[in-house]
Every structure is written in structure tokens, then in C-alpha cells.
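My notes follow in the order I made them.

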Amino acid sequence: MPQYDYDLFVIGAGSGGVRAARVAAGYGAKVAIAEESRVGGTCVIRGCVPKKLLSYAAHFHEDFEDARNYGWTVGEATFDWATLIANKDKEIDRLNGIYKKLLAGSKVELLESRAVIVDPHTVEVGGKRVTAKNLLIAVGGWPERPQIPGIEHSITSNEAFHLQSLPKEIIVVGGGYIAVEFAGIFNGLGAKVTELYRGEQILRGFDDEVRHFLAAEMAKKGIAIRTHADVARIDKSGARLNVTLKDGAVLACDAIMYATGRRPKTDGLGLAEVGVTLKESGAIAVDAASQTAVPSIHAIGDCTDRVNLTPVAIREGHAYADSVFGSRSWAVDHKTIASAVFSHPPVGVVGLSEAAARGEGRALDIYKADFKPLKHTISGRDERTLMKLVVDRQSQVVLGAHMVGIDAPEIIQAIAIAVKMGATKQQFDAAVAVHPTAAEEFVTLRTPVAAG
Ligand code: FAD
């Protein structure tokens with residue numbers, strides 16, 4: 001008789017949990033996975049994928065306008081929110097089905113229920129207790145809102161994907177990438193958007209020039225960004241909302257969306273009770289091998305609050321399964337991970353910002369290009385592109401690459417290979433340009449704009 005029901009029990013069928021379950025099962029482990037909502041997790045159901053689909057939809061607005069100077073006559077364009085949401089939901093259903101098939105094909109048993117931990121080898125799921133040699137926590141995160149009066153009138157990104165209609169006027173609260181992306185989406189679809197952020201500038205943690213450049217581009221597109229703005233209360237007035245700021249200003253809108261942070265979904269999971277260390281943020285403390293303070297329990301993805309991105313959760317899940325059930329033990333390198341903001345225009349970054357590199361006490365050469373992309377010479381749109389390289393003066397290693405502009409996420413993915421490999425500026429220069437592209441600027445930046 002085996003000592004346990006399963007070799008591995010995974011809690012959470014999102015990006016990380018699904019990958020870990022499938023890889024472990026591939027090594028012959030008997031695996032079960034519990035999911036309390038929908039298989040696919042945040043990224044597929046209420047994150048990256050639906051967000052990017054909405055972002056595509058929002059871009060058409062400008063495409064129709066830009067087409068005119070290229071000789072096209074476009075009839076009156078109208079937008080139907082219900083069609084977009086229905087088609088987006090269809091695609092999410094399709095992906096949800098694929099994820100379920102992948103689990104079944106890997107012989108992972110799916111339990112569509114909430115699971116909680118009872119002891120280091122036991123979970124309670126769907127009214128019964130099951131045991132496993134190993135438990136993997138991959139429960140992700142959940143939007144967090146401040147407890148101010150009237151907060152119940154607000155929505156988060158979760159609800160934004162299911163609004164009955166497109167608000168005419170919306171306030172987006174927050175300065176992180178989710179807030180910035182939704183501001184661009186709602187604006188592109190035709191809503192009047194105000195983004196409120198209580199700090200100095202949006203996208204804290206990104207390169208300062210990227211932050212200011214993007215804020216200026218967003219403003220040109222009609223998004224009103226108010227920094228140093230903190231909401232005191234929200235009052236409902238008929239179908240409208242009155243949003244009172246701490247400085248006394250009152251803004252009216254049809255909807256207010258909070259994107260002010262996410263909290264690991266670890267409350268009530270039984271973790272602390274069995275000896276797993278939780279941080280104040282609710283994040284699970286883990287070592288480089290994703291092991292918690294309890295040897296049989298590991299945790300991956302957003303619930304550990306390391307780098308909260310889908311490819312990172314997937315990689316952590318893969319490393320865990322290889323290390324515990326396969327013959328290959330490895331740990332994820334969390335340094336120099338490229339990321340994108342699907343704002344309008346989008347952002348792509350990899351490596352250190354100028355301020356972070358200077359903070360390490362390095363002398364730097366900064367290379368920069370700020371130009372009107374070729375497409376907009378004829379379209380007439382006043383949109384610019386920024387590209388920036390942060391180079392270590394002594395070694396000439398490219399420490400960071402930053403871009404705001406058309407295709408930045410696609411371009412930065414390729415640049416990330418070179419930066420991760422530790423390429424020098426001279427090695428960037430040795431790559432012959434692909435012309436005419438915007439990306440070629442990354443290999444043709446000749447003169448540093450600042451040295452220090
Ligand atoms: P999740 O994918 O969140 O999965 C956790 C799963 O666990 C969920 O399905 C949940 O229902 C389930 N669960 C929780 N508790 C229990 C329980 N007790 N029992 C059973 N099941 C449980 N990342 C990117 O890389 N690129 C992007 O463009 C991007 N855009 C985003 C946009 C938005 C609006 C949001 C919110 C996130 C975005 N992210 C993006 C982040 C990305 O979605 C997460 O980093 C990723 O999903 C984390 O994966 P995970 O496996 O840790 O958790």
C-alpha cells in the first residue's frame with residue numbers, strides 16, 4: 001500500500017501549477033491539482049490574455065485614423081463593447097478547454113474545488129481529505145483595494161473584463177502596469193479616462209525617462225494623468241459616481257477601477273498553522289528551490305511575490321518538478337527578466353534602469369534615441385519612440401535596454417537574449433541593422449548622451 005494518495009498535490013491550476021503538475025506527471029508521479037475557479041488561472045482567465053485582446057481592440061481606433069493619410073477612406077467606424085466581450089469570452093473558454101485537455105493528457109487528476117492545507121501531507125478538498133508526499137502551493141494573487149468609504153462602488157481588473165457596457169467616463173486608480181494598460185484600453189475604445197496616482201510618476205521602478213516619456217505620450221492621446229492624487233471617498237449619485245480626493249477635489253465618473261496592488265491569495269489556506277512562514281504581505285517565504293519552512297511544502301508563482309509574471313511562474317513550476325521528480329535539479333535565475341507594459345504606446349524593458357545602475361555605484365554611458373517612427377511621418381500622428389541603452393562604462397556591458405514605442409514588447413524579447421548573455425555595446429554594434437525598422441536603433445546608437 002502506498003503511504004500517500006498522491007506523490008504531488010498542487011493547489012491552484014494557473015500558469016505555475018499547471019506546468020509543475022504536467023512536468024511531474026511526465027516523470028511518472030501520481031499528481032492531482034485543485035482549482036477553485038477556472039483552469040488557466042489569472043493569466044488566461046483574467047490577466048495577460050484577455051487584457052491583450054482588449055488592447056488590440058483599442059488600437060483599431062488610431063489605425064482607422066492613421067489609414068487616411070495613406071490613401072484609405074474608412075467609413076464611419078463604430079465600436080460595440082458587447083461583441084468584443086463575447087468574442088474575448090469565447091477565446092478564454094477555448095483556452096480553458098485546452099488547459100483542461102493538457103492536464104487530462106498528462107494524466108493529472110483535476111479536482112475542481114477549493115483546497116486547504118490540514119497538515120504537511122494532507123489537504124481538504126471538495127469535502128474530503130487526501131494525502132500527498134509533496135504539496136505545491138500555486139494559488140496566485142488577487143486585487144487589493146484600500147478600505148475607504150464607498151470602495152464597494154469600485155471595480156478591479158477582474159470585473160473590468162465583464163462590464164455590461166463601456167463606461168463613458170472612467171477613473172483608473174494606480175500607477176502600476178495594470179492601471180496604465182487599462183487606461184490605454186478604455187481610452188482607445190472611446191471612454192474619457194482619468195488616471196489617478198498618489199506618487200510622483202506612473203510606473204514606479206521603471207527607468208525614469210521611460211516613465212516620463214510614456215506619461216507624455218498617454219497625455220497626447222487624451223488620458224488625464226493626475227499624480228499626487230489620493231482618493232478619500234467614493235459616493236454614488238444615481239448612475240454616476242463622485243470621487244473625492246484628499247485635496248478636496250471632486251471628480252465625477254461612470255466607473256472607477258482600482259489597480260493599486262495585488263495580494264497573494266494565501267488567507268485561510270492553513271499555511272501558518274502547519275508552520276509555513278508568511279511575510280506581512282501574505283507572500284509565502286521560500287528558498288531558491290521554492291521550498292517553504294516545511295520540507296514537504298513548496299510554493300511558486302505570484303503567491304511567493306518574487307517576480308510576478310506568467311513566464312516566471314511557469315519556470316518556477318518547471319524547475320520544481322524537474323528538481324523534485326526528475327533527475328535535473330535547477331533553480332530559476334530571477335535576474336535580468338524582460339517585461340512589457342501593453343500601454344499605448346507599449347513599453348519593453350530588460351535589465352537595469354539608469355537609476356538602479358547608478359545606485360550600484362557604476363560609471364555609465366547612456367545611449368538614447370527619441371524619434372518619430374516612420375509610420376507616423378505619413379499618418380501625421382504625433383507619437384514618438386524612445387530607445388535607451390544603459391552601458392557600464394568600464395566593461396562596456398549593456399546593463400539595460402528600454403523602449404517605449406510601436407512593437408517595443410516584441411523587440412525587447414530579442415534584445416533580452418543579448419542582455420542576458422552579457423553582450424557589450426561593441427557586440428550590439430557588430431550586428432548589422434535591419435532596415436528600415438525601429439529596432440535597428442538598438443545597434444546604431446553611436447554617441448553616448450551622458451557619461452558619468
Ligand atoms: P495564477 O495564474 O493566479 O493561478 C492561481 C490559481 O489558483 C487560480 O486559478 C486560483 O483560482 C487558484 N486558487 C487560489 N486559491 C486556491 C485554493 N485554495 N484552492 C484551489 N485553487 C485555488 N503577466 C505577464 O507575464 N504578462 C502580462 O501581460 C500580464 N498581464 C496581467 C494582467 C492582469 C490584469 C493581471 C491581473 C495579471 C497579469 N499578469 C501578467 C500576471 C500573471 O497573470 C501572473 O503573474 C500569473 O498568472 C501567476 O501565475 P500563478 O501560477 O502564480 O497564479
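I started with His228. The model is predicted, and I kept that in mind throughout. His228 sits in the loop between β10 (224-226) and β11 (231-237). I then read the backbone torsion. Phi of His228 is positive, about 55 degrees, and the residue is not a glycine. I flagged this because most residues other than glycine have a negative phi.

I looked up Lys107 next. Its phi is also positive, near 65 degrees, and Lys107 is not a glycine either. Lys107 belongs to the loop that runs between α4 (81-105) and β3 (109-111).

Then I turned to the peptide bonds. Which bond has an omega of about 0 degrees? I found it between His344 and Pro345, and it is cis. Pro345 is in the loop between β17 (339-341) and β18 (347-351). I noted that domain 3 is assigned as 345-444. I found another cis bond from His435 to Pro436, with omega near -5 degrees. Pro436 falls in the loop between α13 (425-430) and α14 (441-444). I wrote both down because most peptide bonds are trans.

I checked the domain layout. Domain 1 comes in two segments, 6-143 and 263-325. Domain 2 covers 151-260. I took the centres of domain 2 and domain 3 over C-alpha atoms and got a separation of 29 Å.

What do domain 2 and domain 3 bury between them? I got about 1,200 Å², with 62% of that on carbon and sulfur atoms. On the domain 2 side, Asp207, Glu209 and Phe213 lose the most area to domain 3. Together these residues make up 44% of what that side buries. In contact terms, I listed ten residues of domain 2 against 17 residues of domain 3.

I counted the polar links as well. There are five salt bridges between domain 2 and domain 3. I looked at Glu209 again: it forms a salt bridge with Lys388, and the closest N and O atoms are 2.4 Å apart. I also have seven residue pairs in polar contact between domain 2 and domain 3. By class, the domain 2 side that touches domain 3 has six charged residues, four nonpolar and no polar ones.

I moved on to Ser379. Ser379 lies in helix α11, residues 375-379. Its relative accessibility is 8%, so I marked Ser379 as buried. Which residues does Ser379 touch, leaving aside neighbours within four places in sequence? I found Asp66, Asn69 and Tyr70.

Gly12 is in the loop between β1 (6-11) and α1 (15-26). With a relative accessible area of 10%, under the 20% cut-off, Gly12 counts as buried. Leaving aside neighbours within four places in sequence, I found Gly12 in contact with residues including Gly17, Val18, Ile33 and Ala138. I also took a C-alpha to C-alpha distance from Gly12 to Ser37: 8.9 Å in space, across 25 residues in sequence.

Conventions: Residues are numbered from 1 along each chain as its sequence is written. This is a predicted model: local features need pLDDT of at least 70, side-chain atom pairs count only at pLDDT 80 or more; totals for chains, interfaces and linings use all residues. Side-chain values use heavy atoms; hydrogens and water are left out. Domain bounds come from an automatic or database domain assignment. Contact means heavy atoms within 4.5 Å. Buried area is the accessible area (1.4 Å probe) that two parts lose on being put together, summed over both. A salt bridge is a side-chain nitrogen of Lys or Arg within 4 Å of a carboxyl oxygen of Asp or Glu. A polar contact is a pair of N or O atoms within 3.5 Å; within protein, one must be able to donate a hydrogen and the other to accept it, and residues adjacent in sequence count only if both atoms are side-chain atoms. Ala, Val, Leu, Ile, Met, Phe, Trp, Tyr, Cys and Pro count as nonpolar, Asp, Glu, Lys and Arg as charged, and the others, Gly among them, as polar. Helices (H or I, at least four residues) and strands (E, at least two) are DSSP runs, numbered from the N terminus. Buried means under 20% relative accessible area, exposed over 50%, partly exposed in between (1.4 Å probe, protein chains only).
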